[in-house]
Every structure is written in structure tokens, then in C-alpha cells.
Amino acid sequence: MPIYRYQANHAGCPHCQPGFDEMQRLSDPELSACPQCGAAIRRVICAPALAIGGSHLLSEKKIGEKGFTQYKKIGKGVYEKTAGKGPDIISSD
Ligand SMILES: [Zn+2]
């Protein structure tokens, strides 16, 4: 069964204020109120999905070790090297 994460919209109790995980069947309706205090809650994107989505990302060190060069955009058409070999700054100008 999938686990959904819920969090209080505004003020809640210690259960829903920081957020809580609820295991539900796909057929179960989405919760709209905290089961502990009844405060309005919303479903948030669950953490495991985010972890899976980010797991393919290599650390900057790994990128350099594998011979890749990574740049980050620091301005309009200007990129600064964050890992790997290559010029420190590349610019489209
Ligand atoms: Zn609550």
C-alpha cells in the first residue's frame, strides 16, 4: 500500500503540524482532516518518491572522478565550473 504524507495547512497538533505518514489503499479517499485533532490537512509529495528521483544525481566529486565537467549558471550566458576538467568560466559572449 502506498504511504501518503499529510501536513496541517495552518496550525495543527503535534501529530499533524510537522506532518505525518498515512498508509492508505489507492481506493481510500484522501484525508482532509487530521485524525487526532481535526485540523485541515493537505497531502504533500511523499519523501520516498523524492529520494528515488534524486538518487541518480551524482555528487560533484563523483562527476569529476568520472571525467565529466559540470557547470552551473552564474549569470546571463555565463557558467562557472563546479566539477571536472575544463575552463573555470565559460561565457557565450
Ligand atoms: Zn492534528
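1. G19 lies in the loop between β1 and β2; strands here are DSSP runs of E of at least two residues and helices are runs of H or I of at least four, numbered from the N terminus. The model is predicted: local features need pLDDT of at least 70, side-chain atom pairs count only at pLDDT 80 or more, and totals for chains, interfaces and linings use all residues. Residues are numbered from 1 along each chain as its sequence is written, and side-chain values use heavy atoms, with hydrogens and water left out.

2. G19 has a relative accessible area of 13% and is therefore buried. The term buried means under 20% relative accessible area, exposed means over 50%, and partly exposed covers what is in between (1.4 Å probe, protein chains only). Leaving aside residues up to four places away in sequence, G19 touches R5, Y6 and Q7, where contact means heavy atoms within 4.5 Å.

3. The zinc ion is coordinated at 2.3 Å by the SG atoms of C13, C16, C34 and C37. Donors are N, O and S atoms within 2.8 Å of the metal (3.2 Å for Na, K and Ca); water is not among the atoms, so sites may look incomplete. The spacing of the donor residues in sequence is C-x2-C-x17-C-x2-C. C13 and C16 are both buried.

4. Which geometry do the four donor atoms around the zinc ion adopt? The arrangement is tetrahedral, because the angles subtended by the four donor atoms are 106 to 115°. Under the rule applied, four donors count as tetrahedral if all angles lie between 85 and 135 degrees. Four count as square planar and six as octahedral if opposite donors are over 155 degrees apart and all others between 65 and 115, and anything else is irregular.

5. Concerning the overall fold, the chain has two helices and six strands. Their order along the sequence is β-β-β-α-α-β-β-β. Of the 93 residues in the chain, 15% are buried. Among contacts with a separation of 6 or more, 22% are between residues 24 or more positions apart. The accessible surface of the chain is about 6,800 Å², and carbon and sulfur atoms account for 57% of that surface; accessible areas come from the Shrake-Rupley method with a 1.4 Å probe, and for residues only the protein chains shown count as cover.

6. P2 is located in the segment before β1 (3-8) and, at 30% relative accessibility, is partly exposed. With residues up to four places away in sequence not counted, P2 touches E22, M23, Q24 and L26. The C-alpha atoms of P2 and R25 are 6.7 Å apart, although 23 residues separate them along the chain.

7. L26 sits in the loop between β2 and β3 and is exposed, with 72% relative accessibility. Its contacts, again without residues up to four places away in sequence, are P2 and Y4. L26 and M1 are 25 residues apart along the chain, and their C-alpha atoms are separated by 7.4 Å.

8. M1, I3 and M23 make a nonpolar surface patch of about 330 Å². Patches are made of residues with over 30% relative accessible area and no salt bridge; like charges are joined within 9 Å, and nonpolar side chains (Val, Leu, Ile, Met, Phe, Trp, Tyr) within 5 Å. M23 is in strand β2 (residues 20-23) and is partly exposed at a relative accessible area of 49%.

9. Side chains of opposite charge can pair when their charged atoms come close. A salt bridge is taken as a side-chain nitrogen of Lys or Arg within 4 Å of a carboxyl oxygen of Asp or Glu, and the count by this rule is five. One of these joins R25 and D28, with the closest N and O atoms 3.9 Å apart. R25 is partly exposed at 49%, as is D28 at 29%.

10. R43 and E30 form a salt bridge at 4.0 Å, N to O. R43 is in strand β3 (residues 41-44) and E30 in the loop between β2 and β3, so the pair ties together parts 13 residues apart in sequence. R43 is partly exposed, with a relative accessible area of 36%, and E30 is partly exposed at 47%. A salt bridge also links K72 and E80, at 3.8 Å from N to O; K72 is partly exposed at 43% and E80 is partly exposed at 29%.
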